[in-house]
Each structure stands twice: as C-alpha cells, then as structure tokens.
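Subject: Structure handover

Hello,

Here is the structure we talked about, with the sequence. Please look it over first; my notes follow below it.

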Amino acid sequence: MKILCISPKATIGGLEALHSGNQLIQGIIYVAAAAKRAGHEAQVDFGGLDDIADKIDQFKPDIVGLSCVTATYPMTRDIIRKIKPLFPDVKTIIGGHHATFMYREVIDESGVDYVCRGEGEEVFPLLLEALSQGDPHPAIPGIVFKKDGLFHNDQAIAILDDLDKIPLCTPDLLAPGLKFSPKLVSSRGCPFKCSFCSISAFYNGKYRQRKVEDVIADVERFVGWGYDNFWFHDDTLTADLRWVREFCNQVIERGFGITWNCMSRVDTICRDPELVALMAKAGCRLISIGVESGIPEIIERMHKKIDHDQIRQAIRILNNTNISHNWFMIIGSGDEFDTPEYIKMNIKFFCSFKFGLVLVSVLTPFPGTEIFEKLRAENRILHYDWEKYDITHCVYQPLGMSPRELESYLKKAYFRIYLSMGLRIIPVIRHAIRSGAVSREKISRIIRIFWHTYILRKSFDQAISKRD
Ligand code: B12
Ligand code: SF4
C-alpha cells in the first residue's frame, strides 16, 4: 500500500514559535518507517489546507496518516474534512497524544476513518495488512473506528512490549527536499507522574528501555551518513544512570565525535555528578530540565518530587561542565495557589537562582493529564478551543484571579527573569550558542519577541505567534 504520512504545518505559539519553518513530528516518521519495514511505500511530508490536495494528487496514497498534539488538532481535523469529499477512496488515520485521549470527539468531528490510540509501530502495519486484504474493520486493539454508532478497538492504548520493535528512521522516508534530522531514543515513558504531563497516561505508566548497543548502532549508522548532532527525545534520559554511563563510555571509546542534547531531572543529576562530567565528555551540549515551580507546596501538588537543594546542586553541577542548561517554568497550578502573590513568589524564585535559559509556559490542561481531569470535574475548563492549548493561553478558570491576569504573568515572568540575569545573560547566551545548543537564529527570534513586546509595546501574543 502507499501511505502519505503528514505532519501538520503548525502555526501555533509557545515554544513552537521559536523554531523557524515547521518541525516534522518524530512520531509520524516512526510510523512511516514501520510501514516501510512491513513492505509498504511510505512518504513523510508537511501538509496544510493549502497544499494537501496537491500532495495527495501527486503521491496517490491509499491511506493518509496524520500526527498531532492538542494545539495542532484543529488544523489536522480541517485537513481531514478537506480530504474526505475530494478523495473518498483514500482512508485516513490520526495518531498522537491528543487523538489517543480524545478519540471519540476526533472521529465524530473530523470524520477520520481510524484513530491510533498509542504507539503506532506495531498496530499500524497490522491495519495496512488488513486493508490490503480488503478488511476495513479489523480487530486490532488501539486501531479505533466507529461502526454502527459504536467505537471498536478502543479499550486499551497500544503500547509496545519491547522497544526493539522500533524501526530506524531513515532520510529516504522524507519527501524530496525535506531536511532529515536524526533523533536518538533510549527509552519511552517516564517513571514519574507529574500532574500536568500526559506521558504516564499515554504509556500506561510503563517505562521501557533499549539496549545500549542498539542505540550505539543507530549512532554509528547516522555518523556513517554524515550526521554528528543528535537530540535524544527520551522524556528523562537520566532515569537510568547506569544506562547513560555505559552509553557515554561507548561513545568516548569509539571516538564518534558527536554532540547531543537531552531532557533530564534535577534529582537524577544530583545523584551522580560525575556522570554529568562524563556526559559532557561524550558530547552532551544541552540538558533541558523541568523545575516548573519554586514553591514547595506547588511542587508537591504537581507530584514533581524535587526540592530547592536539588535544584541548587544541579545548577552547580551543570555550571562545572560545558553543558548548557534550559529550564522549564509553569505559571499557574490549577489550585488555590493561583493568586498573584504565589505567582510573583514563583517568578522571584526563578530570578534568584542561576538558571540558564528559562522557558515559561502557562499551565495547560492537556487531555490525559491529572490536571485536565481535575479542572473538568470542577467545571473550570473555559473552552475546548484546542488551538489555544498552546501553553501561552490560560484556558481554565483560576481560583484566585482572572484567566487574563494569569496569562499576563507569562510576559512579566520572561521580562523579570531575564532582566534579573543582568550581564550574566551574555555568557549564558554565548555559552548556549558556542555549545551548539541554541542556534543564532533561535536567539534572534527570542530577541525579536522581546523587542516587539517590551520596546515596541506590541502584543506579546502577536510576537510569539508563529508566522512561518
Ligand atoms: C521533542 C518534543 C517536541 C519537539 C518536537 C520535535 C520533533 N521533531 O518531533 C518540539 C520542541 C518542537 C515540540 C513542540 C511542541 N510540543 Co512537544 N514534545 C516533545 C516530546 C518530548 C517528544 C516527542 C517525541 O518525539 N515522542 C516520541 C514519538 C515516537 O512519540 P509520539 O509522537 O507520541 O508518536 C507515537 C504515537 O503517538 C503514535 N502516533 C503519533 N502520530 C501518529 C500518526 C499515525 C498515523 C499513527 C498510526 C500513529 C501515530 O505512534 C508514534 C510512534 O509510537 C513529547 C513528549 C513525548 N514523550 O511524546 C512532547 C509533547 C508531544 N509536546 C507537547 C507540546 C504541548 C508541544 C507544543 C504544543 C508546545 C508549544 N506550544 O510549543 C509544540 C507543538 C509542536 C507541533 N508542531 O506539534 C505535549 C503534547 C501534549 C498535548 N496533548 O498537546 C507533549 C506530550 C509533552 C507533554 N507531556 O506536555 N515538542
Ligand atoms: S514532566 Fe517529565 S518527569 Fe514529569 S511525568 Fe512528564 S516526563 Fe516525567
């Protein structure tokens, strides 16, 4: 079968706005790789309302697969609505976190033929096999469809029992002209259960790892193809310190000369400071870490399970290496701490520690998270205008202030935190650029956002909305 795998052209704000152009969603590349491994012809491309019909006309797929998150769901839904009447014989399927949790609404609203609930590498090829045998309604747990008013195969989220089943993503999967950017993965899932994060519900609390030698084999192939800079898309690479030590030792021994970025937590960094030095030696150039809040009660409520000492110590450990560090902060917690006093205290906390670059978001209740269920049960979700679920809008009713007021602290937080850095901002940025962790182009986008907001006094919303 021929499969066109589409990554919707995102036009949303938030962190996405820092990237120029669009980002190919990694999940859809894995799905395409799995289809290809099963003997099908798959191509990954961007798609929007303006060009999807031409892309289908050109590639002539039997099935179009799309991947989306909550904020890009409306665009994905509209693409499906456009495809359906124009190409009635082409089957459609959506996957990703949003579709997994909201499959009923997604199928009813968009008219998509199937939703993939969970990981697609195993179940999607099974669907393709069934379709090629002429069976449009196979019993594949996780491949949900609606028939005679009933949803089928929706009882469970499909999860791979073994990450060895992950295929290698290769450049030939991408439509001509698209830039391939190889990613590494050592694990999927996370042992923690933060209230604002959908990872544990998506992976049903499961944390699975790949063997070090398998990831090293991926690195070897990618290096052989001329790539030397990678992004680990594990949710917490350092969840297993022994794994990371082994990986770093092998990278050093083999002299790959690569650089890489990853996500981590302060507690795991504190547990083994020497490992961080080893990571730096093995080419790690950037670690992104979620602190979210400096208020102990809020950290506790979010189940973040970290404390101030660990944060302080992690900063010190990182500053002793040449690894740049990005930190995530959340404005709002969805409970009684949503007051100007607590939010100001949190901003003050972020001003008082020597963080690297800080990325701020407004608490967004994504489907599948504890906070979504809580706010929905309390009838405090203001709307389901999903495009606004882009981490810059407050989509729920805070208890101690208005949504607009809470939103306004996003801009204030950025301003105060970066102003409080004083001249320290120069080495922070220089270090981030020199280490290759942040591109000059991304820094110039950030400066442009600041210029528009604070000097030209234009709307912050406008400044961070994605235009290209
Ligand atoms: C790396 C990352 C990014 C990178 C993307 C890099 C890239 N090129 O992919 C960047 C920084 C650009 C990014 C941006 C954003 N991200 Co992000 N990101 C992640 C992260 C950490 C890893 C993504 C990943 O590669 N996962 C591994 C792949 C294999 O998993 P997957 O995407 O789920 O795909 C599997 C299944 O879902 C399924 N599947 C997916 N699509 C399809 C399609 C078909 C047809 C089928 C059959 C199956 C299928 O099969 C895939 C293989 O198993 C995730 C957390 C996570 N663990 O997923 C957050 C995450 C996806 N991001 C999130 C958010 C909120 C965003 C932003 C909206 C933030 C913002 N406002 O800027 C943007 C949106 C970007 C966009 N255009 O869609 C949320 C989404 C929550 C939600 N419900 O919306 C997540 C879950 C983090 C979180 N817990 O909050 N992100
Ligand atoms: S926020 Fe990070 S540590 Fe918390 S559950 Fe999600 S991936 Fe795990």
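Of the 39 residues around ligand 1, the ones that come nearest are Gly 14, Gly 27, Gly 65, Gly 95 and Gly 120. A residue counts as near a molecule or strand if its C-beta atom, placed from the backbone, lies within 6 Å of it. This is a predicted model, in which local features need pLDDT of at least 70 and side-chain atom pairs count only at pLDDT 80 or more, while totals for chains, interfaces and linings use all residues. Residues are numbered from 1 along each chain as its sequence is written, and chains are lettered from A and ligands numbered from 1 in the order in which they are written.

Ligand 1

At least two residues of this shell come from each of α1 (26–37), β3 (63–67), β4 (91–95), α4 (97–101) and α6 (120–132). Helices (H or I, at least four residues) and strands (E, at least two) are DSSP runs, numbered from the N terminus. The largest share, 5 residues, belongs to α1. By class, the shell has 18 nonpolar, 16 polar and 5 charged residues; Ala, Val, Leu, Ile, Met, Phe, Trp, Tyr, Cys and Pro count as nonpolar, Asp, Glu, Lys and Arg as charged, and the others, Gly among them, as polar.

Domains

The protein is divided into domain 1 (2–152) and domain 2 (193–437), with bounds from an automatic or database domain assignment. Each domain gives at least three residues to the shell around ligand 1. The C-alpha centres of the two domains lie 29 Å apart. Their contact takes 14 residues from domain 1 and 14 residues from domain 2, where contact means C-beta atoms, placed from the backbone, within 7 Å. On the domain 1 side, α3 (73–86) and α4 are the elements that give two or more residues, and α4 gives the most, with 4 residues. That side divides into 7 nonpolar, 7 polar and no charged residues.

Ligand 2

The residues around ligand 2 include Cys 190, Cys 194, Cys 197, Lys 193, Asp 235 and Arg 265. Its shell has 5 nonpolar, 3 polar and 3 charged residues.

Helix α13

Buried residues in α13 are Ile 311, Ala 314, Ile 315, Ile 317 and Leu 318 (buried: 20 or more other C-beta atoms within 10 Å of its own; exposed: 12 or fewer; partly exposed in between; C-beta atoms placed from the backbone). Seen down the helix axis, the buried residues of α13 fall within an arc of 165°, so they line one face; the arc is that of the directions from the axis to the C-beta atoms. On the other side, Asp 309 and Arg 316 are exposed. The cover over the buried residues of α13 includes α10 (266–271), α11 (273–281), β13 (284–292) and β14 (324–331).

Regards

Note on methods. Contact = placed C-beta atoms within 7 Å.
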